[in-house]
Amino acid sequence: MLTFSAKCLLIGLLCASLKAEFPNDPKPCNYGDSECIKKLFNYLVQEKKEGDSSINLLPIDPLIPEDIYITQGGDGPVQLNLTFSNSQILGLSKAVAKEVIGFGKDLATKHEVIFKMPRVTLVGNYAISGKILIFPVQGEGTCNVTMVDPEFRISFKGIPEEKDGNTFMKLTNFRLHPETKRVIYQFDNLFNGDKVLGDTVNKFVNENWKEVFDELRVPFDKSFGAVFKHIIDEVFNKYPYAKYFNE
Ligand SMILES: *[C@@H]1O[C@H](CO)[C@@H](O)[C@H](O)[C@H]1NC(C)=O
Ligand SMILES: *[C@@H]1O[C@H](CO)[C@@H](O)[C@H](O)[C@H]1NC(C)=O
């Protein structure tokens with residue numbers, strides 16, 4: 001792994017212009033220059049993890065989301081209501097952009113970024129009730145849900161919005177598509193602290209993490225997608241779209 005300063009030597013101009021010109025003139029990349037945009041995203045998530053008010057970037061590591069509600073109804077193998085509150089998402093500042101599509105001159109197209117990271121962890125309070133495969137599950141307490149080697153494919157479509165004669169990008173059709181090598185769950189205090197039942201369910205969901213993950217894909221996309229959409233929305237709210245790019 002190169003250090004950030006070594007990377008800066010390699011892409012000297014980009015880093016120099018970022019350092020010198022953010023926030024007054026955030027135009028480090030040409031439209032659609034995916035290599036440059038990748039490096040820009042890496043710079044922002046890794047170096048600006050505490051946020052950057054000059055471009056409306058919220059803190060991303062730790063990321064403190066609003067309460068997250070995951071609801072899976074129907075008659076599938078996983079039916080539950082799961083709430084995360086007072087939670088923190090840790091590890092996003094280790095994300096590396098692997099692929100960038102879009103961000104061209106025409107904002108009204110599909111934009112996509114694929115981020116990989118070693119781990120991402122959600123810690124906080126949970127409340128759960130429902131059924132996971134064969135088990136009825138109920139409880140509230142603290143939890144740690146960790147994804148190992150996840151990849152987040154984030155995609156959205158831009159829609160132009162005119163404000164004071166300038167064109168801003170609004171986000172629509174936002175999707176968060178996660179893949180991961182593993183999910184490690186730890187739910188403390190399930191069933192009011194009944195240790196035998198709690199340990200059984202924790203063991204079961206960890207052994208069957210893949211099935212649980214696949215069952216919860218759609219509500220996961222919806223709930224966590226909203227968290228990520230908000231971050232990106234805020235950035236593109238700050239300046240007209242054209243302000244972010246060179247011709
Ligand atoms: C989830 O909550 C809704 C609304 O309170 C309720 O109607 C539904 O039965 C709950 N589902 C489960 C699986 O507990
Ligand atoms: C969460 O769980 C992971 C995997 O077991 C562990 O490595 C990590 O230290 C835990 N994080 C916190 C904040 O408890």
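**Exercise 1.** Into how many nonpolar, polar and charged residues does the shell around ligand 2 divide?

*Solution.* Before starting, note that this is a predicted model, in which local features need pLDDT of at least 70 and side-chain atom pairs count only at pLDDT 80 or more, while totals for chains, interfaces and linings use all residues. Residues are numbered from 1 along each chain as its sequence is written, chains are lettered from A and ligands numbered from 1 in the order in which they are written, and side-chain values use heavy atoms, with hydrogens and water left out.

Step one is to list the shell: Arg 119, Val 123, Asn 144, Thr 146 and Ile 184 surround ligand 2, where a residue is near a molecule or strand if one of its heavy atoms lies within 4 Å of it. Step two is to sort these residues, with Ala, Val, Leu, Ile, Met, Phe, Trp, Tyr, Cys and Pro counting as nonpolar, Asp, Glu, Lys and Arg as charged, and the others, Gly among them, as polar. The shell of ligand 2 then divides into two nonpolar, two polar and one charged.

**Exercise 2.** Find the side chains whose polar atoms approach oxygen atoms of ligand 2, and state how much of this ligand the protein covers.

*Solution.* A polar contact is a pair of N or O atoms within 3.5 Å; within protein, one must be able to donate a hydrogen and the other to accept it, and residues adjacent in sequence count only if both atoms are side-chain atoms. In the side chain of Asn 144, a polar atom lies 2.4 Å from an oxygen atom of ligand 2. For Arg 119, the distance from a side-chain N or O atom to an oxygen atom of the ligand is 3.2 Å, and for Thr 146 the corresponding distance is 3.4 Å. Of the 360 Å² of accessible area that ligand 2 has on its own, the protein covers 45%; such areas come from the Shrake-Rupley method with a 1.4 Å probe, and for residues, only the protein chains shown count as cover.

**Exercise 3.** Describe the surroundings of ligand 1 and name the strand that supplies the largest share of its shell.

*Solution.* Begin with the residues themselves: ligand 1 has Gln 79, Leu 80, Asn 81, Ser 129 and Gly 130 around it. Next, assign them to elements, remembering that helices (H or I, at least four residues) and strands (E, at least two) are DSSP runs, numbered from the N terminus. Strand S3 (78-90) and strand S6 (119-132) each supply at least two residues of this shell, and the largest share, three residues, comes from S3. By class, the shell holds one nonpolar residue, four polar and no charged. Finally, look at Asn 81, which has a polar side-chain atom 2.3 Å from an oxygen atom of ligand 1. The protein covers 33% of the 370 Å² of accessible area that ligand 1 has on its own.

**Exercise 4.** Check the length of helix H4 (residues 195-207), and work out which residues in it are buried and what covers them.

*Solution.* The expected span of a helix is 1.5 Å times one less than its number of residues. For the 13 residues of H4 this gives 18 Å, and the end C-alpha atoms are 18 Å apart, so the two values agree. Buried means under 20% relative accessible area, exposed over 50%, and partly exposed in between (1.4 Å probe, protein chains only). Within H4, the buried residues are Gly 198, Val 201, Asn 202, Phe 204, Val 205 and Asn 206. Their cover includes S6, strand S7 (135-148), strand S10 (182-187) and helix H5 (209-215). At the start of the helix, a side-chain oxygen of Asp 194 comes within 3.2 Å of the backbone nitrogen of Val 196.

**Exercise 5.** Is Phe 103 buried or exposed, and which residues does it contact?

*Solution.* Phe 103 sits in the loop between strand S4 (96-101) and strand S5 (110-116). Because its relative accessibility is 2%, Phe 103 counts as buried. Contact means heavy atoms within 4.5 Å, and, leaving aside neighbours within four places in sequence, Phe 103 contacts Tyr 31, Gly 32, Ile 37, Phe 41, His 111, Glu 112, Val 113, Phe 156, Phe 236, Tyr 241 and Phe 245. With Tyr 241, which is 138 residues away along the chain, the C-alpha separation is 9.4 Å.
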